[in-house]
Amino acid sequence: MKSSERILIKRRITETLSKEGWSIIDLTLREFGLPTSEMFSGTNTEYILSMLTNSDDATLQALLDHLGRRQADEPQTVPVFWKPRCLRLFISHIHKHKKFAKALQDELISWGISAFVAHEDVEPLKEWQDEIEAALRTMDALMALITPGFVESKWTDQEVGFGFGRNVLLIPVKLGVDPHGFLGKYQALTPASESAGDLAASIYKHLLADNRTSQVLSDAIAYQLAEAGSFAAAKRTMALLERCTTLSAPAIKELNEVALNNSQVKEAFGIEVRLKKYLKKISS
């Protein structure tokens, strides 16, 4: 792990853990094999940083993962710009490419993905920075549109850093420029065309393959099938669902109780049979 990565991870650990009381701080450090001290004099932030001084890369990453899961489990208000029951994807982009980001946002919703695009989703009367931070805190993944000018933007670098600190899935999309900095170690998506539809399909595949996002996305597809409003929608969504290998218990229940009673699913040619077969397979 590079020094810059270690610094960022230590910073995120310290920011999160310092919100706890001293007893929880020491308990957490000890559980991860890190030292504690009763003789330290200073703030809790200084204390945590001191205890992390000699930690190895694996311990740092494990502690960051733990704190990230704990935060995700805490009740929090979900911003209204996220579409309900969808995977939440933050699109980091520069202003010059806002039209493409908006086109991509429109395409992704049919794939069970609610995308946040700052210039579209921030309400005019709200503090835009607060809204962006709320999106970053509640996103499931972040996609960066790496275009000329991206590296010069202070905001996009901070957005990527926030995602890295939370250990969410980061998806760099190479649009004429190679990923840089923290994103440089990730395999970038290189679209075969400039079509937002084609890129949306690639993003769906990428999200479905990562264990941090696969179940959230699979559940979103299950909910879309349950709510299908046409035969065409049922057929398309069933094909997407058959690519999903994991579902939560609530999603399985909804498929059994809602999708199988939806006339657009039941009466679409062959879909009811395929869904029952899929449910038997996923439940075994």
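Guide: Begin with contact, which means heavy atoms within 4.5 Å. Helices (H or I, at least four residues) and strands (E, at least two) are DSSP runs, numbered from the N terminus. This is a predicted model, in which local features need pLDDT of at least 70 and side-chain atom pairs count only at pLDDT 80 or more, while totals for chains, interfaces and linings use all residues. Residues are numbered from 1 along each chain as its sequence is written, and side-chain values use heavy atoms, with hydrogens and water left out. The chain has 14 helices and four strands.

Visitor: Which residues of H12 and H14 meet?

Guide: From H12, Ile252, Leu255 and Asn256 meet Leu275, Tyr278, Leu279, Ile282 and Ser283 of H14. Ala, Val, Leu, Ile, Met, Phe, Trp, Tyr, Cys and Pro count as nonpolar, Asp, Glu, Lys and Arg as charged, and the others, Gly among them, as polar. By these classes the contact of H12 with H14 has six nonpolar, two polar and no charged residues.

Visitor: At what angle do H12 and H14 pack?

Guide: Axes are lines fitted to C-alpha atoms, for helices over the stretch in contact, and angles run from 0 to 180 degrees between N-to-C directions. Helix H12 (residues 249-257) packs on helix H14 (residues 271-283) at about 155 degrees, with the axes 11 Å apart. Angles under 35 degrees count as roughly parallel, over 145 as roughly antiparallel, 65 to 115 as roughly perpendicular and the rest as oblique. H12 is therefore roughly antiparallel to H14.

Visitor: How are H5 and H9 set against each other?

Guide: Helix H5 (residues 98-108) and H9 pack at about 55 degrees, their axes 9 Å apart, so H5 and H9 are oblique to each other. Phe100, Ala103, Leu104, Glu107 and Leu108 in H5 meet Ala196, Gly197, Leu199, Ala200 and Ile203 in H9. This contact of H5 with H9 divides into eight nonpolar residues, one polar and one charged.

Visitor: Which residues touch the most other members of the largest nonpolar core?

Guide: A nonpolar core is a set of buried Ala, Val, Leu, Ile, Met, Phe, Trp, Tyr and Cys residues joined through side-chain atoms within 4.5 Å. Buried means under 20% relative accessible area, exposed over 50%, partly exposed in between (1.4 Å probe, protein chains only). In the largest core, of 49 residues, they are Leu104, Ile203, Leu241, Leu255 and Leu275. Helix H9 (residues 196-209) gives the most to this core, with seven residues. A second, separate core of 34 residues includes Tyr47, Leu52, Leu67 and Ala135.
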